[in-house]
Amino acid sequence: MSTLAHTMMTAARSTDSGLAGPGELDRYPYAEAPVADRPTVPAWEGADSELGRVGRRAAGSRGRGLHGQLVQQLGQMIVSGDLGADRPLVPEEIGQRFEVSRTVVRESLRVLEAKGLVSARPNVGTRVRPVSDWNLLDPDIIEWRAFGPQRDDQRRELNELRWTIEPLAARLAAGHGREEVQQRLSDLVEIMSHALSGGDALTFSRADTEFHALLIQVAGNRMLEHLSGIVSSALHVSGGPVTGCDRPSEASLSQHGRIVDALGTGDGGAAEAAMRQLLTVHPEVERVVPAPREH
């Protein structure tokens, strides 16, 4: 057996451990409490279906079936370092190891090439590219790094990036208020409140993700809008039951409410301040940014 095939086999076995790994967040259903216990809780899917989908666009872009599985497997192996830079990837060998067709292998390598993980050249073949060439803002690569050896660096970098992006988005969103968006954000805060009371970390995390992505979507800045998937990925890999992080809290819920109130009054400064305070509440962020000064 070749070294590459042995490496692939070892990595493939790890997926049978039963533990949640990269890409597995999508398989969890939205938690539902008994109807009798939540008669006034807003429905998860809002009346405006487009708003209800905002927070889940990034996850929905991921492939399924043999093609999606192979992209996930190879991507994780490259990002973890199991397949190092300049390592040749032989399509025939990959196809034999994973028992997939040449077409599946070819399409999977094209996806990885688009992410900057591999390069394919005539007379050279397909090789793994160095980290400097990776699209580090790609949601899949963010997730793979967050569950690999670089997890600490990835989460720190994500938190620093959120500290830069989201306060500005909150300030801008205060000037682009729409009634249906305001209502959806209020509904999401209520969903988080009920989830916190019921100890439902998964539902809290899902509503939190949609809240932050929607806020960026309505900031009125197209370039910021393209970063909403990054924030969604950051929330998926930094909170929730998979990582054991106790992010849901009364302090976090209170700051979400303050943001909604500031948006309702069009107070950009207050919205920005509340978002900075919210990010500081997160214990991982406190280690990389100072608490906001009191004026």
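1. Leaving aside neighbours within four places in sequence, leucine 185 is in contact (heavy atoms within 4.5 Å) with Phe211, Leu214, Leu215, Val260 and Leu263. This is a predicted model, in which local features need pLDDT of at least 70 and side-chain atom pairs count only at pLDDT 80 or more, while totals for chains, interfaces and linings use all residues. Residues are numbered from 1 along each chain as its sequence is written, and side-chain values use heavy atoms, with hydrogens and water left out.

2. Leu185 also belongs to the largest nonpolar core, which has 28 residues, and together with Met192, Phe211, Leu215, Ile259, Leu263 and Met275 it touches the most other members. A nonpolar core here is a set of buried Ala, Val, Leu, Ile, Met, Phe, Trp, Tyr and Cys residues joined through side-chain atoms within 4.5 Å, where buried means under 20% relative accessible area, exposed means over 50%, and partly exposed lies in between (1.4 Å probe, protein chains only). In soluble globular proteins, nonpolar side chains tend to be buried together.

3. Which elements give two or more residues to this core? They are α8, α9 (179–197), α10 (201–217), α13 (250–265) and α14, and α9 gives the most, with eight residues. Helices (H or I, at least four residues) and strands (E, at least two) are DSSP runs, numbered from the N terminus. A second, separate core has 21 residues, among them Met77, Val104, Val105 and Val118.

4. The strands form an open sheet of three, in the order β1-β3-β2 and with antiparallel pairing; two strands are said to pair if DSSP finds at least two bridges between them. The edge strands are β1 and β2 (118–121), each of which pairs on one side only. Helix α6 packs on this sheet and touches β1, β2 and β3, and its direction makes about 115° with that of β2.

5. Where the strands run side by side, β1 and β3 are antiparallel and are joined by two bridges, and the bridge partner of proline 88 is arginine 127 in β3. Strands β2 and β3 pair in the antiparallel sense over four bridges, with glycine 125 in β3 as the bridge partner of arginine 121. The hairpin of β2 and β3 has three residues between the strands, and asparagine 123 in this hairpin takes a positive phi near 65°.

6. How many salt bridges does the model contain? The count comes to 14, a salt bridge being a side-chain nitrogen of Lys or Arg within 4 Å of a carboxyl oxygen of Asp or Glu. One of them joins the side chains of arginine 127 and aspartate 86 (4.0 Å, N to O). This pair links distant parts of the chain, since arginine 127 is in strand β3 (residues 125–128) and aspartate 86 is in the loop between α4 (65–80) and β1 (88–89), 41 residues apart.

7. Leaving aside neighbours within four places in sequence, aspartate 86 is in contact with Arg127 and Val128. Aspartate 86 and threonine 126, which are 40 residues apart in sequence, are 8.9 Å apart in space, C-alpha to C-alpha.

8. Another salt bridge brings together the side chains of arginine 102 and glutamate 92 (3.1 Å, N to O). Arginine 102 lies in helix α6 (residues 102–114) and glutamate 92 in helix α5 (residues 91–98), so the pair ties together parts that are 10 residues apart in sequence. Arginine 102 is exposed, at 55% relative accessible area, whereas glutamate 92 is partly exposed at 38%.

9. The axes of these helices, α5 and α6, come within 9 Å and cross at roughly 115°, the axes being lines fitted to C-alpha atoms, for helices over the stretch in contact, with angles that run from 0 to 180 degrees between N-to-C directions. Pro91, Glu92, Ile94 and Gly95 in α5 meet Arg102, Val105 and Leu109 in α6.

10. Arginine 171 forms a salt bridge with glutamate 272, the closest N and O atoms being 2.5 Å apart. Arginine 171 is in helix α8 (residues 151–173) and glutamate 272 in helix α14 (residues 268–281), so that the pair, 101 residues apart, links distant parts of the chain. Arginine 171 is partly exposed at 40% relative accessibility, but glutamate 272 is buried at 15%.
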